[in-house]
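Me: I would like to learn how to read the cavities and the strands of a model. Please take me through the features in turn.
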Amino acid sequence: MMSTRRNFLKTAAIAGAGLATAPLASAAQKVPIVAPQKQRIPSKDGKIRVGFIGTGFRSQEHFNNVLSFDDAKIVAICDVSDFSLNMTKETFKRKGKELPKIYKGGEHEYEKMLANEEFDVVLIASPWEWHVPMSVAAMKAGVPYVGVEVSAANTMDECWDLVNTSEETGSQLMILENVCYRRDVMAALKMVREGLFGELIHCRCGYEHDLRAVKFNDGKSYSYVPGTELKMGPGAIGEAVWRTFHSVKRNGDLYPTHGIGPVGTWLDINRGNLFVSLSSMATKSRGLHKFIVDNGGPNHPYADIDFKLGDIVTTMINTVKGETIIVTHDTNSPRPYSLGFRLQGTEGLWYNDGDTIYIEGKSKPHQWDKSSDWFAKYDHSLWKRYGDAAQNAGHGGMDYVMMMDLFNAVRENKPVPLDCYDAAAWSAISALSEQSIANGGQLLEFPDFTRGKWINRKPSFAMEI
């Protein structure tokens with residue numbers, strides 16, 4: 001069945017045929033009936049009206065960037081956490097900016113904000129389980145542009161909800177995958193498009209980040225401080241309030257988009273190419289239990305928790321054009337941070353770790369060049385344009401470049417650079433990996449969230465300006 005589907009997709013791609021009858025049609029794919037949108041009222045002062053749902057640590061970077069845009073104003077914000085709102089008040093005070101209207105209280109207070117206020121764009125930076133309900137509500141409320149943090153969705157039904165709602169309402173949904181805007185990643189993209197690597201054949205990526213001190217803290221510091229009390233859930237702050245529970249209940253690649261996002265842009269996924277199938281496996285779970293025992297002792301109440309998440313999750317994906325991808329998730333182990341990029345074609349390859357690159361006919365035979373030297377030469381035009389303004393922004397400036405790219409789409413009333421199909425395809429790795437692991441590494445078909453439109457869609461992300 002898998003081979004038959006792969007051959008069918010390749011034949012369809014070559015022939016340019018539609019895939020209206022593609023496999024995996026399910027109830028989740030049916031476009032839902034969406035309530036009529038409210039009539040939008042244009043902005044009187046011409047400024048971009050911005051709303052925030054979720055004001056925690058991640059949003060603080062977004063606030064810094066949006067507040068630097070002269071043609072934007074933050075109209076309203078919403079959160080259930082007094083800690084996050086107090087942190088936000090300090091941010092606005094430090095910036096010398098007027099505090100926007102605040103919606104707080106119940107978990108569904110964001111619905112009231114969406115009904116009462118007029119927005120041109122709403123940014124969502126909440127716990128993972130709220131990404132889809134909030135995104136769907138914003139699109140149904142008539143917000144023309146919605147930006148949602150990563151990962152965008154946790155289940156297959158949620159992935160389809162994002163696609164279906166965006167298609168039905170006409171609202172543009174952008175996944176806020178900042179690593180797609182990382183300077184070296186974008187230089188690599190430029191080299192890909194100029195043919196330096198030849199025809200691409202294989203990529204590696206992942207999220208390899210020691211998060212043990214993020215999944216637990218003492219309720220005062222974002223990261224765990226040795227010698228303090230271990231807390232998760234109520235009583236903790238930041239991601240320790242909610243993220244740790246995903247490690248308790250789920251076994252899969254819980255955070256794939258930092259790695260697969262850049263790979264998706266290099267391989268033109270959903271734009272002439274498509275993920276076809278996936279298989280995942282996970283190691284045993286040891287890291288979080290050991291961290292608890294090491295810091296809280298063997299009798300700590302958390303020492304009895306049965307963490308489902310394997311310490312290292314490995315996922316293999318292939319595409320309709322014949323490339324293979326390996327994605328690694330590793331957040332419970334002692335290790336330096338890495339996204340583990342490997343970009344390989346018929347004429348060369350780049351390894352992220354080690355600053356190494358090799359281009360046949362240009363590099364010395366069997367010797368690595370420094371990738372930084374190549375990337376300086378192939379610096380992307382977005383970084384040439386915004387690099388100076390991005391110097392003090394988060395994550396090495398890529399947060400600023402990403403937000404500027406989104407707001408340029410709003411300003412010009414054009415499609416977002418990373419859309420609902422990207423959000424669904426990249427996020428679907430989580431749900432599919434869980435299912436594959438639960439079934440002994442079973443090879444699973446990857447849904448076509450574009451419903452055949454991938455054949456004729458052209459690359460649109462980060463085109464040179």
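Reply: Searching the whole structure gives 4 cavities of 30 Å³ or more. This is a predicted model, in which local features need pLDDT of at least 70 and side-chain atom pairs count only at pLDDT 80 or more, while totals for chains, interfaces and linings use all residues. Residues are numbered from 1 along each chain as its sequence is written, and side-chain values use heavy atoms, leaving out hydrogens and water.

Me: What is a cavity, and how much space lies in the largest cavity?

Reply: Rolling a probe the size of a water molecule over the atoms shows where empty space is left. On a 1 Å grid over the protein atoms alone, a cavity is a set of points where a 1.4 Å probe fits but cannot get out; its volume is the space filled by probe spheres set on the points. The largest cavity here holds about 70 Å³.

Me: Which residues line the largest cavity?

Reply: Lining residues have an atom within 4 Å of a point. Among them are Arg193, Asp268, Trp426 and Phe461. Helix H10 (257–266) and helix H15 each give two or more residues to this lining, helices being DSSP runs (H or I) of at least four residues.

Me: In what order do the strands of the open sheet lie?

Reply: Strands of a sheet pair through backbone hydrogen bonds, either parallel or antiparallel. A strand is a DSSP run (E) of at least two residues, and two strands pair if DSSP finds at least two bridges between them. The 9 strands here follow the order E14-E13-E12-E11-E7-E10-E9-E8-E15, with mixed pairing. Strands E14 (369–370) and E15 (444–445) are the edges, each pairing on one side only. Strand E7 (residues 200–208) runs parallel to strand E10 (residues 324–330), joined by 7 bridges, and Glu208 stands opposite Asp330 in E10.

Key. On a 1 Å grid over the protein atoms alone, a cavity is a set of points where a 1.4 Å probe fits but cannot get out, and a pocket is an open set with protein on both sides within 12 Å along at least five of seven lines; lining residues have an atom within 4 Å of a point.
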